[in-house]
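Here is a short briefing on one protein model. Read it beside the sequence and the structure.

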Amino acid sequence: DQALPFTHGNRLTYVSADLTKSRKLREVLFGPARDLSVQVVVHLSQHRGARDRGEKVHAANVEALRSILDLSDRHPTIRRVVLRSFAVVYRVSMELPVLVTEDHPLNLSPRAPQYVRDRVEADLTACARMGLTNAEIVVLRCAEALGPGTGSQLFDFLDAPLALRPAGFDPMVNVATVADTVAALEAATHGSGEGVFNIPGYDTLPLTEACRLWGTASLPMPGPFVAPLYGLRHRLTGSEFTYGLNRNQMHFGLVLDGTRARQVLGYEPKNPVDWPRGH
């Protein structure tokens, strides 16, 4: 056995299971989790491919959470379920404010990509169960954690020799680090009560400044050309960035207001992004 790369590795029990299979999930929660008297479930699993769609993707994004909530409701030790949700659930438009609180409208458009629709459905599924189950439910709507392997669309946008953006627009973006996201999850895990909380990152800046700090050349161009060029980039390089998913954010921007998380959870972002070009 190899030592785990965590200071608390001797306390960690690792179990592999397909969360889309309700029976397998039940075996985990009413087996090892019950035996270890697990009190808090932190649900992080989401299908990260922005272009993928279909029933299997929906099962991973939504149905797994629904099963977790159902099983936690009648579990003998689980008292709290924390869902990592995403800033992408919010609707972005010219008519709406850029600074977003928890009561900001969600993106309920049936024309939204499945990536967005699934995340909105999962978020609303958790919200609808608040106060109706034995377990407390906490939803964290997190800013993108800018780093490899996080599924961040903005990371994929910046991590290229050239970033294409719609001409005439320079929206504000708010980005987090993995360290701050983990800090928010820890605060929610050890807190009490339920509710929805925005989890902003430390850095808020214009998109062009993010490109400069990342060392990526930024090319403004007419909006109708951006989507097909990124489609071509995906076919040639496998890049996951999709302009269709980010179109509104790249025009109007979105910044999370973290006042409620600061007041209730005691969370405040403290870790700025380690920009390659520095400030």
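Leaving aside neighbours within four places in sequence, Arg117 is in contact with Ser109, Pro110 and Ala112; contact means heavy atoms within 4.5 Å. Arg117 lies in helix H4. Arg117 is partly exposed, with a relative accessible area of 35%. Buried means under 20% relative accessible area, exposed over 50%, and partly exposed in between (1.4 Å probe, protein chains only). Between the C-alpha atoms of Arg117 and Asp35, 82 residues apart along the chain, the separation is 36 Å.

**Ground rules**

- This is a predicted model: local features need pLDDT of at least 70, side-chain atom pairs count only at pLDDT 80 or more, and totals for chains, interfaces and linings use all residues.
- Residues are numbered from 1 along each chain as its sequence is written, and side-chain values use heavy atoms, with hydrogens and water left out.
- Helices (H or I, at least four residues) and strands (E, at least two) are DSSP runs, numbered from the N terminus.

**The parallel sheet**

- An open sheet of 4 strands has the order S1-S2-S4-S8, with parallel pairing. Two strands pair if DSSP finds at least two bridges between them.
- Strand S1 (40-43) and strand S8 (195-199) are the edge strands, and each pairs on one side only.
- On average, neighbouring strands of this sheet are turned by 20° against each other, direction ignored.
- Strand S4 (residues 136-142) and S8 run parallel and are joined by 5 bridges. Val139 has Val196 in S8 as its bridge partner.
- Helix H4 (residues 114-129) packs on the sheet and touches strand S2 (80-86), S4 and S8. The direction of H4 makes about 150° with that of S4. Axes are lines fitted to C-alpha atoms, for helices over the stretch in contact, and angles run from 0 to 180 degrees between N-to-C directions.

**The mixed sheet**

- A sheet of 3 strands is also open, in the order S5-S7-S9, and its pairing is mixed.
- Its edge strands are strand S5 (144-145) and strand S9 (203-206), each pairing on one side only.
- S7 and S9 run antiparallel, joined by 4 bridges. Val173 stands opposite Leu205 in S9, and Met172 has Pro206 in S9 as its bridge partner.
- H7 packs on the sheet, touching S7 and S9, and its direction makes about 105° with that of S9.
- S5 and S7 run parallel, with 2 bridges between them. Ala145 stands opposite Ala176 in S7.
- In S7, 4 of the 5 residues are buried, so the strand is largely enclosed by the rest of the structure.

**Nonpolar cores**

- A nonpolar core is a set of buried Ala, Val, Leu, Ile, Met, Phe, Trp, Tyr and Cys residues joined through side-chain atoms within 4.5 Å.
- The largest such core has 23 residues. Leu146, Leu154, Phe157, Leu158, Trp214, Tyr230 and Trp275 touch the most other members.
- Helix H5 (153-158), strand S6 (162-166), strand S7 (172-176), helix H7 (207-214), helix H8 (223-237) and helix H9 (243-252) each supply at least two residues of this core. H7 gives the most, with 5 residues.
- A second, separate core holds 19 residues, including Leu25, Leu29, Val41 and Ala126.
- Beyond its neighbours within four places in sequence, Trp275 is in contact with Leu146, Leu158, Val175, Asp203, Leu205, Ala210, Leu213 and Trp214.

**Aromatic rings**

- The whole structure contains 6 aromatic pairs. Rings of Phe, Tyr and Trp (its six-membered ring) pair if their centres lie within 6.5 Å; planes under 30 degrees apart count as stacked, over 60 as edge-to-face and the rest as tilted.
- The Phe157 and Tyr230 ring centres are 6.3 Å apart with planes at 40°, so this pair is tilted. Phe157 lies in helix H5 and Tyr230 in helix H8, so the pair ties together parts that are 73 residues apart in sequence. Both residues, Phe157 and Tyr230, are buried.
- Trp214 and Trp275 form an edge-to-face pair, 6.0 Å centre to centre, with 90° between the planes. Trp214 lies in helix H7 and Trp275 in the segment after helix H10 (259-265), so this pair ties together parts that are 61 residues apart in sequence. Trp214 and Trp275 are buried.
- Phe155, Trp214 and Trp275 are linked into a cluster by ring pairs.

**Arginines over rings**

- Arg26 lies over the face of Phe30, 4.6 Å from the ring centre.
- Arg260 lies over the face of Phe197, 4.3 Å from the ring centre.
- A charge sits over a ring if NZ of Lys or CZ of Arg is within 6 Å of the ring centre and within 35 degrees of the ring normal.
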